[in-house]
Amino acid sequence: MLKETVEAWVRWLPTTSLAVFMHGRWEWPIMESIHFLGLSLLIGAIGLFDLRLLGLGRQIPISYLHRLIPWGIAGYVINVLSGICFFTAETDQYIYNPSFQLKILSMSVAGLNVLVFYTTMFRRVRTLGPGENASMPARIIGGVSLVCWLSVIACGRLLTFFRPPSFHWCPWC
Amino acid sequence: MHFTAWLESTDLSIWLRESPSLFAFPFVLIVHAWGMGFLAGSNAALDLRIIGFAPRVSLSTMERFYPVMWFGFIINAISGVLLLISYPTKALTNPVFYLKIGCIAAGMVMMVKIRDRVVRNPAFDTAAVPMNGKILAAISLFLWASAITSGRFLAYTCKYLIAGTRC
């Protein structure tokens with residue numbers, strides 16, 4: 001059932017006007033550039049916040065640094081949207097690609113990690129002032145976040161080396 | 001272009017280019033993307049702060065993220081040289097490559113200028129940065145965005161893959 005649904009999407013998405021648009025002369029590299037800019041924004045805001053949780057730049061109060069987080073979220077949104085463009089244009093090259101599946105898995109772990117951070121410890125962590133260390137659980141959250149996003153980048157760069165039909169992962173088949 | 005043809009015949013170049021190991025070319029690409037995130041990303045965060053976002057973040061404390069930028073720069077200089085050794089003709093025959101290097105060099109100069117003139121100026125620590133400081137930050141943002149964009153376009157504008165072989 002799921003297998004057939006996915007196959008229908010794999011056939012349909014590349015016929016949409018968005019897919020046609022993506023196959024123009026320069027659309028793909030332009031969208032890739034936007035994707036890399038979004039990546040940098042995400043690492044520049046969320047990565048630095050993670051490093052602060054891990055102990056770097058301790059003189060910066062957490063609540064101040066947290067004001068950069070909207071830029072990280074902006075980078076994330078930019079990358080989900082540009083990512084959808086690639087996915088729509090070449091659906092089969094992503095959906096069955098082991099590297100893409102690991103990329104989505106890393107993003108999911110990062111998402112869960114964010115959820116745990118904001119529901120269990122953010123209210124305490126945000127009061128940390130200059131020179132104050134984050135608690136061990138908060139450090140772990142920061143470390144997991146950093147590792148997840150670095151893994152997302154690594155999987156993204158590896159996509160091209162694990163393309164179907166040479167590689168074909170289909171856990172739902 | 002005898003030099004690049006010779007470079008392509010070295011063991012290191014051949015290994016980087018042709019080894020099926022993920023620790024050859026793919027790993028260098030990954031490290032280069034990580035470094036980009038740290039270098040361009042932390043610069044963007046600092047530039048955006050100077051332009052006026054997150055104004056309550058004390059500027060002087062943001063100097064503590066300069067080691068992150070230098071770390072990004074160093075791993076990207078190393079991985080960049082390895083990428084260049086892998087495909088020297090491809091890079092050196094493409095004008096976009098020189099544009100990219102120019103943007104990075106200018107971006108690094110701006111990074112130091114911004115530290116000396118803006119970040120280390122106690123008058124701007126928590127107050128608004130005057131227009132000329134904001135212009136430096138805007139130029140820096142533009143340079144990093146251009147470096148990233150030209151890096152991406154390198155793959156789509158090459159003339160030669162290796163000496164004697166067109167893309």
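The lining of the second largest pocket in this predicted model comprises 13 nonpolar residues, four polar residues and one charged residue. In total, 18 residues line this pocket, and its volume is about 370 Å³. A:Ile46, A:Ala110, A:Val114, A:Tyr118 and A:Trp149 are the lining residues that lie nearest the centre of the pocket. Four helices of chain A, namely α3, α5 (69–89), α7 (98–120) and α9, each supply at least two residues of the lining. The greatest contribution is that of α7(A), with seven residues.

The interface between the two chains was examined next. Contacts link 32 residues of chain A with 33 residues of chain B. About 3300 Å² is buried between chain A and chain B, and carbon and sulfur atoms account for 81% of this area. On the side of chain A, the most area is lost to chain B by A:Leu48, A:Trp71 and A:Arg157, which together make up 16% of what that side buries.

Polar interactions between the chains were also counted. Three residue pairs are in polar contact between chain A and chain B, with both residues of each pair at pLDDT 80 or more. One salt bridge is found between the chains; in a salt bridge, the side chain of B:Arg152 meets that of A:Glu32 at 2.6 Å, N to O. The side of chain A that touches chain B receives two or more residues from each of α3 (27–54), α4 (62–65) and α9 (136–158) of chain A. Its largest share, 14 residues, comes from α3(A). By residue class, this side of chain A divides into 24 nonpolar, five polar and three charged residues.

Key:
Residues are numbered from 1 along each chain as its sequence is written. Chains are lettered from A and ligands numbered from 1 in the order in which they are written. This is a predicted model: local features need pLDDT of at least 70, side-chain atom pairs count only at pLDDT 80 or more; totals for chains, interfaces and linings use all residues. Side-chain values use heavy atoms; hydrogens and water are left out. Contact means heavy atoms within 4.5 Å. Buried area is the accessible area (1.4 Å probe) that two parts lose on being put together, summed over both. A salt bridge is a side-chain nitrogen of Lys or Arg within 4 Å of a carboxyl oxygen of Asp or Glu. A polar contact is a pair of N or O atoms within 3.5 Å; within protein, one must be able to donate a hydrogen and the other to accept it, and residues adjacent in sequence count only if both atoms are side-chain atoms. Ala, Val, Leu, Ile, Met, Phe, Trp, Tyr, Cys and Pro count as nonpolar, Asp, Glu, Lys and Arg as charged, and the others, Gly among them, as polar. On a 1 Å grid over the protein atoms alone, a cavity is a set of points where a 1.4 Å probe fits but cannot get out, and a pocket is an open set with protein on both sides within 12 Å along at least five of seven lines; lining residues have an atom within 4 Å of a point. Grid points are joined across faces, edges and corners, and a volume is the space filled by probe spheres set on the points.
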